[in-house]
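Hi,

Here is the structure I promised to pass on.

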Amino acid sequence: MDADCRIRVLSDLLVKKIAAGEVVERPASVVKELLENAIDAGAMRIVVTIEEGGRQLIKITDDGCGMSAEELGLAVTPHATSKIKTEDDLFAISTMGFRGEALASISSIARLRMVSRARGSEEGHEIRVTADQIEASQAAGSPVGTTIEVRDLFFNVPARRKFLRAQSTEMGHITEQFSRVALSNPGIAFELSHNGRKTQRLASCDSPLARVAKLYSPELADALLPIRRDEHGVILEAYVAPPAQSRATTNWQYTFVNGRYIRDRSIQHAIKEAYRGLTEPNRHGVVFLFLRVDPQSFDVNVHPTKIEVRWADSRLIHSQVLSALRETFQRSDLAPALRTDRAHAPVSEAEQDRVRQEMATMMRDATPIQPGQPRFDSLGVNTGHADGLTNQRGGGAMEPQRVWRELYSDPVRSDPTADGFSPYNKVSPVLPRSSGTTRRAIQMHNLYLVAETEEGILIVDQHALHERVIYEQLRTRITNGSLESQRLLLPETIRVTARQASLLESNGDWLQRLGIEVSTFGSDSVAVQSFPSLLKDTDVVPFMTDLLDRLAQQSAETSPDVVINDLLSMMACKAAVKAGDSLTVEEIDALFEHRDLVEKSSSCPHGRPTMLRLSKADLNRQFHRT
Ligand code: ADP
Ligand code: MG
């Protein structure tokens, strides 16, 4: 046997580094672990100081129980913990930590300094640990409590150091971890500063709602509906936004169990269910959910970072969350919010849904199933969040004509050789210009375009098709330069978090090409100076809110092309005609000319069908003509 193939026991340092690989992904992970330790120590005040996005320094000071000289040494030893003793304890965890791994791991990949004074002790002690080397502890002046400094994170792990992002990005992640801990511990005072500037100062308060106001915005906190319920051993406290204020992503759903931020599929599902029918299908509720349950009713020892738990009875949790939210929505008078939003929608959302359902059922039932052959060619496009029901918040229903003119009267556009699209203005109102295989389409229910084709009947979702057309055009334009943009007479200011500000900064180039120009304005606001001409009827603030949510969802590794596609499809969705918009004959014709765009995109992994085809053979069979 080759000597190199022998099994060997790894060095202690290597074992710790491997453990660190699981727990410490980036500076924010260190912040999370240290904050949790401070909370477990019973701190009432926690101060977090960051330098250079955490790469240079992460320092956390607490006024908790502190550690003796001996405990300081043990704290950095792997699997040393004061939080559990026996196996039984493992199934009734009431502290944030229990693995005894974080400090040992961190000390293997950074320069760690800890100063602590135990409650009741006369003096404090200090130790320094770097990559396994512990310096003997020495007496040090310190108030009761603990200060932990982590410098030069990943100094001996080049692979991880290489993946650290811009300071502002790392700070964004740190702020997110900080916010989660602050939300679930309103009684504790927190401070956060970055590069000498204080970014958060949170006084002790008695409700997470006050934290929401401070961390995000007072407007958001004002809008939230409080929920409280205690049933079957599940104590639930929640703050949820009315459905009308839903967001483009699930990033605004915070779930905590016994103070721990978790991600949980059954809870996510319950939230989705509660909002079903009250928001458009691709919008997501804003929810801050705090559950208190018997620590024995779930297992946190599932994931090294403890972000997931395993429930003894996940159905109970699901039903408690679902019914609490549902009852709240039923009780609250949500109608006014919906009415303002849809003041101009000629068809109610429920009605549109019903019609769509009926239409789908009708089409499905129309043809007997042919084995091995799909009943219809239902073609999807990547509709992203397209659903045809997107609101024009506050701005009133968009007049489709205006959008069309905007698109088709562009000088680039009106050059028929520029690309395959003919200018809308030149479409004959009388004769269909297309190849002759399709006769004129008609609009039904202000929602579907139905046309006779050589092969049978074609039914297209008007929003999906228009969205696709706009998307393709935007794509062509953006490859040749940037989108036409309009300076706003009055710049719109938006409140942003540190993370959002950094997202705008790091995506500035792309946004500019999309016609969006943003400048910073104070420490927690930005001003939108220019906005795409195409979106001149769209409200700036809600659009930007969606955009920020989407940017936040992209990871640092997402390629710019993916980001830009996401933003373009979002713009296309906003600019496209909606379900419920009545179209003129000319518009229908012009739109239907591009139906092949939808026809060609044969696969859509998560979209819904955008087109149905009913063949003559299907019809004949249905009427027993064969
Ligand atoms: P765990 O939190 O899982 O026990 P850690 O490695 O995070 O593991 O911490 C090891 C031990 O160090 C803890 O169990 C606790 O006794 C002690 N400790 C860590 N941080 C603090 C702190 N801020 N104040 C008091 N004790 C602490
Ligand atoms: Mg810990």
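Let me start at the ligand: a polar backbone atom of Leu103 sits 2.9 Å from an oxygen atom of ligand 1. That is a polar contact, meaning a pair of N or O atoms within 3.5 Å; within protein, one must be able to donate a hydrogen and the other to accept it, and residues adjacent in sequence count only if both atoms are side-chain atoms. On its own, ligand 1 has 530 Å² of accessible area, and the protein covers 93% of that (Shrake-Rupley method, 1.4 Å probe; for residues, only the protein chains shown count as cover).

Before I go on, some housekeeping. This is a predicted model, where local features need pLDDT of at least 70 and side-chain atom pairs count only at pLDDT 80 or more, while totals for chains, interfaces and linings use all residues. Residues are numbered from 1 along each chain as its sequence is written, chains are lettered from A and ligands numbered from 1 in the order in which they are written, and side-chain values use heavy atoms, with hydrogens and water left out.

Back to the ligand. Ser82 has a side-chain N or O atom 2.6 Å from an oxygen atom of ligand 1, and a polar side-chain atom of Asp62 is 2.9 Å from a nitrogen atom of the ligand. In total, 18 residues surround ligand 1, each with a heavy atom within 4 Å of it. Ser82 is one of the closest, a group that also includes Asn37 and Lys83. The shell splits into 7 nonpolar, 7 polar and 4 charged residues (Ala, Val, Leu, Ile, Met, Phe, Trp, Tyr, Cys and Pro count as nonpolar, Asp, Glu, Lys and Arg as charged, and the others, Gly among them, as polar).

As for the protein overall, it has 626 residues, 52% of them buried. Buried means under 20% relative accessible area, exposed over 50%, and partly exposed in between (1.4 Å probe, protein chains only). I count 23 helices and 24 strands, taken as DSSP runs numbered from the N terminus (helices H or I, at least four residues; strands E, at least two).

Is Arg229 buried or exposed? It counts as buried, because its relative accessibility is 11%. Its side chain makes a polar contact of 3.3 Å with the side chain of Ser323.

Cheers
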